[in-house]
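Student: I'm new to this one. Could we look at it together, step by step?

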Amino acid sequence: MKSWVSRSGLSSLQRTSLNKIDTNLVSAFVERWHLETSSFHMSFGEMSITLDDVACILHLPIMGIFWSPQDVTEEVAVELVVDYLGVSRGQAQSQVRSCRGSYYKLEWLYDLFVHHRAASSWAYATIAYLLMLVGSTIFADKTLTLVEARYLLLFTDLDGCSGYSWGAAALVTLYRYLGDASMYSCKQLVLDSRVLSNCWKKRGELETC
């Protein structure tokens, strides 16, 4: 398992926590985000988050294949966990139905991880762990309890995970969430604090704000 996680390029996310969010700082930046330019309009000029920021802060690979999985139906979400997480069809249908869409509960993935690890089903355990890892960090949504089923497609080949540009995927997701959060109708947001909160500190720009 350690070998697969290390080769995936995602091992650094094990030290990333959404509990470290500085909500006031995030809100201040969101208010200055312009969707048209994908940048923050500050009093001293324009700034944005770059791939270099993602690479330096999250230590994710920024070179490789950029593949954004397409949305999947609930039926496909069931088939994916049957094939790649080793669960029964009945259990898979019950899980997807309880999520009311093509999602999996992070708590359920953790239970699968523990079960497969105890049974020495290392491939299943690793896939459950990696899906849970990205679902609670770079692909986290507002619920903080669910992960989209389509992201399981990224782990169907554990040996091929290292070929993805995880940094680019994290940045695109962050841009999308910033765009959603900047809308007046948005009442809640969730962002990776290590990218948004720390990138300006790293550059020494925070004092200027």
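Tutor: Gladly! Let's start with a term: buried means under 20% relative accessible area, exposed means over 50%, and partly exposed lies in between. Keep in mind that this is a predicted model.

Student: Is Cys-99 buried or exposed?

Tutor: The cut-off for buried is under 20% relative accessible area. Cys-99 has a relative accessibility of 9%, so it counts as buried.

Student: And how many disulfides does a search of the whole structure find?

Tutor: A disulfide needs a pair of cysteine sulfur atoms within 2.5 Å. Cys-161, at 0% relative accessibility, is buried, and Cys-99 is buried as well. Still, when the whole structure is searched for disulfides, the count is zero.

Student: Which element gives the largest share of the largest nonpolar core?

Tutor: That core has 57 residues, and Tyr-104, Leu-109, Phe-155 and Trp-166 touch the most other members. Elements giving two or more residues to it include α2 (23-30), β2 (39-42) and α6 (106-118). The largest share is nine residues, and it comes from α7.

Student: Which are the edge strands of the open sheet?

Tutor: The sheet has three strands in the order β1-β2-β3, with antiparallel pairing. Two bridges join β1 to β2, and Trp-33 has Phe-40 in β2 as its bridge partner. An edge strand pairs on one side only, and here those are β1 (33-34) and β3 (45-47).

Student: Which residues are linked in a network of salt bridges?

Tutor: Side chains of opposite charge can pair when their charged atoms come close. Arg-150 meets Asp-71 in a salt bridge at 3.7 Å, N to O, and Arg-150 also meets Glu-148, at 2.8 Å. The network is therefore made of salt bridges linking Asp-71, Glu-148 and Arg-150.

Student: Last one: which residues make the nonpolar surface patch of about 280 Å²?

Tutor: One of them sits in helix α3 (residues 51-58): Leu-51. At 32% relative accessibility, Leu-51 is partly exposed. The patch is made by Leu-51, Ile-62 and Met-63.

Definitions and conventions:
Residues are numbered from 1 along each chain as its sequence is written. This is a predicted model: local features need pLDDT of at least 70, side-chain atom pairs count only at pLDDT 80 or more; totals for chains, interfaces and linings use all residues. Side-chain values use heavy atoms; hydrogens and water are left out. Patches are made of residues with over 30% relative accessible area and no salt bridge: like charges are joined within 9 Å, nonpolar side chains (Val, Leu, Ile, Met, Phe, Trp, Tyr) within 5 Å. Accessible areas come from the Shrake-Rupley method with a 1.4 Å probe; for residues, only the protein chains shown count as cover. A salt bridge is a side-chain nitrogen of Lys or Arg within 4 Å of a carboxyl oxygen of Asp or Glu. Helices (H or I, at least four residues) and strands (E, at least two) are DSSP runs, numbered from the N terminus. Buried means under 20% relative accessible area, exposed over 50%, partly exposed in between (1.4 Å probe, protein chains only). A nonpolar core is a set of buried Ala, Val, Leu, Ile, Met, Phe, Trp, Tyr and Cys residues joined through side-chain atoms within 4.5 Å. Two strands pair if DSSP finds at least two bridges between them.
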